[in-house]
Amino acid sequence: MIKKIPKPVKEVLEKLESSGFEAYIVGGCVRDLIMDRNPKDWDVTTNAKPEEVQKIFPDSFYENEFGTVGVKVGKFIKNEDQNKEHDVIEVTTFRIESKYSDKRRPDQVRFAETLEEDLSRRDFTMNAIALRIKDSDFTIIDPYAGQKDIEKKIIRTVGDPHERFDEDALRMMRAVRFHSELGFEIEKNTFEGIRRWHRHMQHIAQERIKDELARIILSNNPAEGIDMLHKTGLMNYIIPELEKGVGVSQNRHHIYTIYKHSVLALKFCPSKKLEVRLAALLHDIAKPQTKKGEGAYATFYNHDHVGARIARKILERLRFSNDTTEKVSLLIDNHMFYYNPEEVSESSVRRLIKKVGLENIKDLIDVRIADRLGSGVPKAKPYKLRHLEYVIDKVSQDAISAKMLKINGTDLMKELKITPGPKIGAILDVLLSEVIEDVTKNNREYLLERAKELEKEDLTNLRGMAKEKIDEKKEEEDKELKGKHWVK
Ligand code: ATP
Ligand code: MG
């Protein structure tokens, strides 16, 4: 376990100890070490006061009221998963939090004398474990039996859950986030505590809710996390619009209720992107309010467009970035795109690409796959979707245009002194057809030389030369693409 602790972290611990203070690594990083996961960040706790920490580490900064000093160290890889270099270790003085009158921030931060006091303010038993290093040996301080709970995969508050959630409402969302990130169960009393105090969520800033929600959505068990938000009652304060689909049946095409289908679409979403997963969860958000009729023939006209608007409102309220909000909204707006190989022309696929952008097409297909799998349809990518991918690949080759050439019409007019006219376009077409076959020809000198020769040909000849080559090439590409997408 000690081997996994980065050298700069060990050095900070040693320096504090050799200056006569106690120092421990603590919190999530100890939990992650015990579970053999890569810690997201490294937290050190000490009885040295912030000013004393700053004296020991002159290259440090103290810019908050919570007793946390950022100590600058040599660059180290903080998290192998993210593969990012980091150079700050947070050193926090032991503290005890006094009264929380606004349910989110302690009124006052008091420094504590002992590690035990500091551990008692932490949220869950698994996060209240400290580790002290002595030479090459270590001691674990675990007053709330966090190691046992880690082994049993249980999330349990330190002390009485009612008190702890009444103090700080964000802890309730953290519990659900750990449930979906770690796959741990929320212990019964802890769960009851959330059920009792969920209304305190209204005091929590939307940004903080968003951060936890994004982590739930990006975790390995996002559907379990979302369903836990529902079961605990927390969802009413996060995305109440999702609750409107609970128990609402659909029509003959669907076996699940709107809510269940939404959660399953998220569960089966093939993409790891936040935007695509959010779109999978919210794609039918407008179904409850657009539902007309009951039973097998109920309809949901316009739910895609209305849903795009509702999703935008939800994501703006939660302070997701503009880019995320726009992308999710776009994917929802277009999730009902019609595609049937027998009926749909290449030009309509081109129009779809133009509407959503080539860069979003794969994500849109992923939302469609999520939608299908979340409906209980067994096949993720039926022939129709594979065929669509093939046509998309094919029509995006149409982008092959004279624009990709290293020379343009103006160059021809200048260098070859040709007057403006159709011959210029014809020469560029021939050049393009040659470049498609051999990209090494796409350099200025060669193209100008070749253009000089071509200029001697008449217009009809030139047109014939270009067409022949391009048609040949397109046919070849077509065969290749069909093979790639299994639609031969
Ligand atoms: P991760 O880094 O994976 O998000 P973490 O448990 O390390 O998980 P941090 O937000 O980094 O979470 O917090 C570090 C530690 O601070 C926690 O392990 C916990 O001991 C304590 N802590 C964080 N937030 C709270 C809170 N709201 N109430 C009580 N203790 C908290
Ligand atoms: Mg952490």
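Trainee: What is the relative accessible area of Arg 319?
Mentor: Arg 319 has a relative accessible area of 44%, so it counts as partly exposed, a class that runs between buried (under 20%) and exposed (over 50%), with a 1.4 Å probe and protein chains only. This is a predicted model, in which local features need pLDDT of at least 70 and side-chain atom pairs count only at pLDDT 80 or more, while totals for chains, interfaces and linings use all residues. Residues are numbered from 1 along each chain as its sequence is written, chains are lettered from A and ligands numbered from 1 in the order in which they are written, and side-chain values use heavy atoms, with hydrogens and water left out.

Trainee: Which side chain does Arg 319 meet in a salt bridge?
Mentor: Its partner is Glu 207, at 3.5 Å from N to O, where a salt bridge requires a side-chain nitrogen of Lys or Arg within 4 Å of a carboxyl oxygen of Asp or Glu. The two are 112 residues apart and link distant parts of the chain, with Glu 207 in helix H9 (residues 206-218) and Arg 319 in the loop between helix H15 (303-317) and helix H16 (322-333). Helices (H or I, at least four residues) and strands (E, at least two) are DSSP runs, numbered from the N terminus. Glu 207 is partly exposed as well, at 37%.

Trainee: And how many salt bridges does the structure hold?
Mentor: There are 33, and another of them pairs Glu 224 with Lys 267, whose closest N and O atoms are 3.2 Å apart. Because Glu 224 lies in helix H10 (residues 222-232) and Lys 267 in helix H12 (residues 258-267), this pair ties together parts that are 43 residues apart in sequence. Arg 164, Glu 167, Asp 168 and Arg 171 are joined into one network by salt bridges that share partners.

Trainee: How far apart in helix H1 are Lys 7 and Glu 11?
Mentor: They are 4 residues apart in helix H1 (residues 7-18), so about one helical turn separates them, and their side chains meet in a salt bridge of 3.7 Å, N to O. Lys 7 is exposed at 60% relative accessibility, whereas Glu 11 is partly exposed at 42%.

Trainee: Switching to the inside, which members of the largest nonpolar core touch the most other members?
Mentor: Among its 105 residues, these are Leu 16, Ile 25, Leu 213, Ile 226, Leu 229 and Ile 238; such a core is a set of buried Ala, Val, Leu, Ile, Met, Phe, Trp, Tyr and Cys residues joined through side-chain atoms within 4.5 Å. A second, separate core has 19 residues, including Leu 412 and Ile 427.

Trainee: What does Ile 25 contact?
Mentor: Leaving aside neighbours within four places in sequence, Ile 25 is in contact (heavy atoms within 4.5 Å) with residues including Ile 5, Val 9, Trp 42, Asp 43 and Ile 129.

Trainee: Is Thr 93 buried or exposed?
Mentor: Thr 93 is buried, with a relative accessible area of 0%, and it lies in strand S5 (residues 84-93). Not counting residues up to four places away in sequence, Thr 93 touches Thr 45, Asn 47, Lys 49, Phe 111 and Asp 118, among others.
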